[in-house]
Each structure stands twice: as structure tokens, then as C-alpha cells.
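Have a look at it below, and then we'll go through how some of its pieces pack together.

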Amino acid sequence: MAYKEVEVKQPLMLTILPYVSIIAFFALWELVVQTGFIPDTLLAAPSTVVKTFIVKLHDINPDGATMGTHAWTSIQEAFLGYALSLLIGIPLGLCMGWFKVVEGLCRPIFELIRPIPPIAWIPLTVFWFGIGLTGKVFIIWIAGIVPCVINSWVGVRMTNPTLIQMARTYGASDWQIFTQLCIPSALPMVFGALQLALTYCWTNLVGAELLAADSGLGYLITMGGRVARPDIVVLGMICVGVSGAIIGFVIDQVEKKLLAGIRR
Amino acid sequence: MSNSIANETINHSKNKEPFSIVRLLTNTYFLNAVSLIAFFLLWDYVARERIFHDSLARPLEVVDQIVRLTQIKYAGTNLWGHIWASTQRIVIGFFLAAIVAVPLGLFMALNKYVNAIVKPLFDLFKPMPPIAWCTIAVLWFGIGETSKVFIIIIGSFVPCLLNAYNGVRLVDPELYDVIRVLGGSRRDEIFHVCFPASFPAVFAGLQISLSVAWTCVLAAELVNSREGMGFLIKRGMDTHKPELVLGGMLLIAAAAWLTSQLVSLLERKLCPWKRTIDNL
């Protein structure tokens, strides 16, 4: 199936419209706040948010830490939890996909824990570990491990049976089939899990920090709400969004590099 | 899932082997039973030995607590009231989000101009975790029902829209070729190819939305509420009653599981052409 590449010239409208819509959105936002249509106790204008951001870079008021400290705390927690969930989740999922015994033993417990939203663990982790790093890493770990296990499990399961039969015909052992055929063919799914797990981790990180923390981006949002400073709340939300997007983009690039030869 | 024909020609004949201890030990049901029993025994042991001091309840205490909640009124309403409070929020928020997001997603995929306007805005909001909206929702709408429903709408909107959008874009192009060869118009393409072929993806999006919605309602209730399952958990945290916390967790897990089963039932009724993988 060789298709000829055809250059389609996009109408000018289509190239301009995305920028127009973004600019219109920010202009509208600025306008409704500046004209007082929405009072500035409820929403901060984009210009105010930028100003607050610059101030927050070196000022620790009113929440006790600078922007850098908050971001560093959050990233530390997120990465520890994320790395742990990958480290445990992916091998577990791969083994569950191939070894019947592992699946039989792990699946019921996994199915039992899976429907519990990770945020529901917050009270227990506060009881067990306090509001420090450990508790939040635990919650993020729980959040991240679910997509890791499911995707690598499905990935192994979706290995083309014809290939497995062929490997058998050539005399490969079960272990060889697992390591040399099933795992590579599961890789695209596993990388899908990396993205998913990251989104889950990041969401639940904010949840964990909203409820039990003394620094971090989620804590910044809570404190902004508590002292009725919408500019801080919006700033926190934007920071969380932007950092999430950046990390997601990095993973996407890594995936493209590593999976260059594998058809998706 | 996979386009390979080979996946559909798996040998279904059963091989009968003589009874042996090894086969019994590797039987799936046997292993499941072993793991569940071991899990609950371990839980009971850890709770009884007070490894976490008094911060873990024994399984039977949790069951006892749930049963007691059905009989007495806790903070003004009994267990069913709390379950209904959360479910109501989910139902309202989820339906509002799905009704707007799914058509919008389909529309975005079908029309380039709509896509050019909506997609950048959507990409702007997409990476923001819905829970981050909790605080601003309280600022805007107070601590009533509106703010909780708002968070649920924000949370379930994204996966609904994304999956509807991708569902249409990833329709097999050969299907279009077929209907064009058969003389179909653009209308036929949309109604007879596009929509049916994208429905499985739409439903997958609904499933994800639903689980996000449960997370959101829980977060909203943990932050601020007077009734609901999240309230039970929060109250258990404040009064240091691990059996109440665990009871709330079990309830919310059961509720989330039930609603997701409902959606898959609906899916099986509405789009029976979806292909599934065995044993999953």
C-alpha cells in the first residue's frame, strides 16, 4: 500500500483560527475582570496572574514558600511516586499477562483495590505516615500503578498468537517467548501507560496536596483560596497545568525515540 | 482492537488432561480464592497486631460499621442518604458533561473550522487536573451542590470529548471507501460509518469519565460537604475512626464499580459490534 504524498494547501482561515481563538479567550478573560463584570474577588485577570507569578518567585507571603519551593516539592513527590509505580506496576502487569499463576494470585486483589479512587486513601495515609513526603508518594504510587498494570497486561495479551505459535515451532522456550516476543510487542501499550499514569499521578498529587500538605502547588491553591486571593489560585492552577503538559511532552518525545521502529 | 485475523481463529477445543495436584494448584479459581483469603487474613493480622497502632480497623469491624450506618442516622441521614447524595451529584454532572462533550467531540472531528476554534482552547485546559478546580469552584459557587457538580463536569468533560474526537478520526478509512463505492453521500458517511464506528471509543470515553467523576466527587466532598460518601471518609479522618474511613472507601469502590458495570451493559446493548479481547 504505497500512497503518494499529496500536499494539501490549507485555507488561510484554518491556520489563523487557532491563534484567534486563543487570543480572543485571553482578551475576553482580561476584559470581564477589568470591566468588573466578574468581581476581582472571584477571578483574577491574566495580567494580575503574571504579576503575582513574578512576585511569588521571591516573596514567601502569604503561604510560606516561594514558587520554586512549591514546584520542587510537587515534582519530587510526583516523580518518586511515578517511578515506584512504574518499577512495580510494569513488571507485575507483564507477569500477570504471561504467567497464569501470577494472574490468579494478583488479579482478585488488584480488582478489589482498583475501583477505589486514590484520593480515598488520603485519610489512611495521614493516619499511617503523617502529612510528609511518604504519605503523598504512597497515594501517587497507588494512582500510577493501576494504568501500568492494566496496560502491560493487555499488551502481553494482545501479542499476535501467530507469532507465538511460530516461535514455538522454532523451539523457543516459554521464557524466551515471554522475554523476546511478548515484552517487545507489549511496549507500545506500556508507553501508553506511561502517559496515562503520569496524568493520574499529577491529578492525585494535587488532590493529596489540597487535603494534607504544608507545601507544594496544590497547597498553594488551597492557601490562595483560604486567604481569598484568586490570583494565587489561578496561578497555582496554571502552574500545575503547564508543568503537567511539559512532562507529558517530554515523555511523548522519549516514546517517539524509543519506539521508532515499532508500528503503533 | 487488533486488526489481525489470526486473533479470531484461536482454537477453542478443550484438552482433557488427567487429574493431578499441579493442575489443581494452578487452577485459576483456586488461586483467586487463595489470594483473597490470604489478603483478608493478612489485613486482619496487621490490624490485630496493631502494626499501625489504632489506625487500621479489622475487616469485620468495617462491615459492622457499615451495617450500623444503615440503622442509625449519621449527621442527619442514614447510609442510603449518603450514598444517594454522592450518586445524585455524579448523575447530574456526568450527564451534563456527556451531553455537551460527546456531540462537541464528534463535531470537532467532522468539521475543520470548529476544530480550529475549539481545539486550542481545549488543549489549554486539558492538562489541568480537575481537582485543581476545587478551590476556585468554592470561591465561585460557594460550598453548595453547584460547586461539586461543576467539578464533576470539568473532570468528565475532557475524556468524553477526547475519545469522541479520536474515535471519529481513527475510523478505518477503508470503511469510507466502501460507502463511497456504494454511492453514499456525505450524510450517509457520517450516519452509517462515522457514528457506528466511533461508538466503542465514545463508550470507552464515558467509562473513563465516570471513574474521573467519582474521583472528583470524592475530592469535592472531602474538601467541603455535609453529606455523601466522601463526607463519611472525611468525618472518619477528623474523628480518627479508621473503620469509618475504610467503610467509606469500600462503599465508594462498590458504587464506582456498579456504575461502570451499568455503562458497559448499556454499551453491549447499544453497540454490539464492538470487538473485545478474551479474558479481560
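Let's start with a pair of helices: in chain B, helix α4 (residues 79–110) packs against α5 at about 125 degrees, the two axes being 7 Å apart. Keep in mind that this is a predicted model, in which local features need pLDDT of at least 70, side-chain atom pairs count only at pLDDT 80 or more, and totals for chains, interfaces and linings use all residues. Residues are numbered from 1 along each chain as its sequence is written, while chains are lettered from A and ligands numbered from 1 in the order in which they are written.

Helices here are DSSP runs (H or I, at least four residues; strands are E, at least two), numbered from the N terminus. Axes are lines fitted to C-alpha atoms, for helices over the stretch in contact, with angles from 0 to 180 degrees between N-to-C directions. Under 35 degrees counts as roughly parallel, over 145 as roughly antiparallel, 65 to 115 as roughly perpendicular and the rest as oblique. α4(B) and α5(B) are therefore oblique to each other. On the α4(B) side, B:L104, B:F107 and B:M108 meet B:V114, B:N115, B:V118 and B:K119 of α5(B); contact means C-beta atoms, placed from the backbone, within 7 Å.

Now for another pair. Helix α3 (residues 59–71) of chain B and helix α11 (residues 242–270) of chain B have axes that come within 9 Å and cross at roughly 75 degrees. From α3(B), B:E61, B:V62, B:Q65 and B:I66 take part, and α11(B) brings B:E243, B:L244, B:L246, B:G247, B:L250 and B:L251.

Here are both pairs in a table.

| Helix pair | Angle | Axis distance |
|---|---|---|
| α4(B) and α5(B) | about 125 degrees | 7 Å |
| α3(B) and α11(B) | roughly 75 degrees | within 9 Å |

What does the secondary structure of chain B come to? It's 11 helices and zero strands. The C-alpha trace of chain B spans about 70 × 70 × 30 Å along its principal axes.

Chain B also has a partner: 53 of its residues are in contact with 50 residues of chain A. Helices of chain B that each supply at least two residues to that side include α2 (28–48), α9 (186–223) and α11. By class, the side of chain B that touches chain A has 40 nonpolar, 11 polar and two charged residues. For these classes, Ala, Val, Leu, Ile, Met, Phe, Trp, Tyr, Cys and Pro count as nonpolar, Asp, Glu, Lys and Arg as charged, and the others, Gly among them, as polar.

Key:
Contact = placed C-beta atoms within 7 Å.
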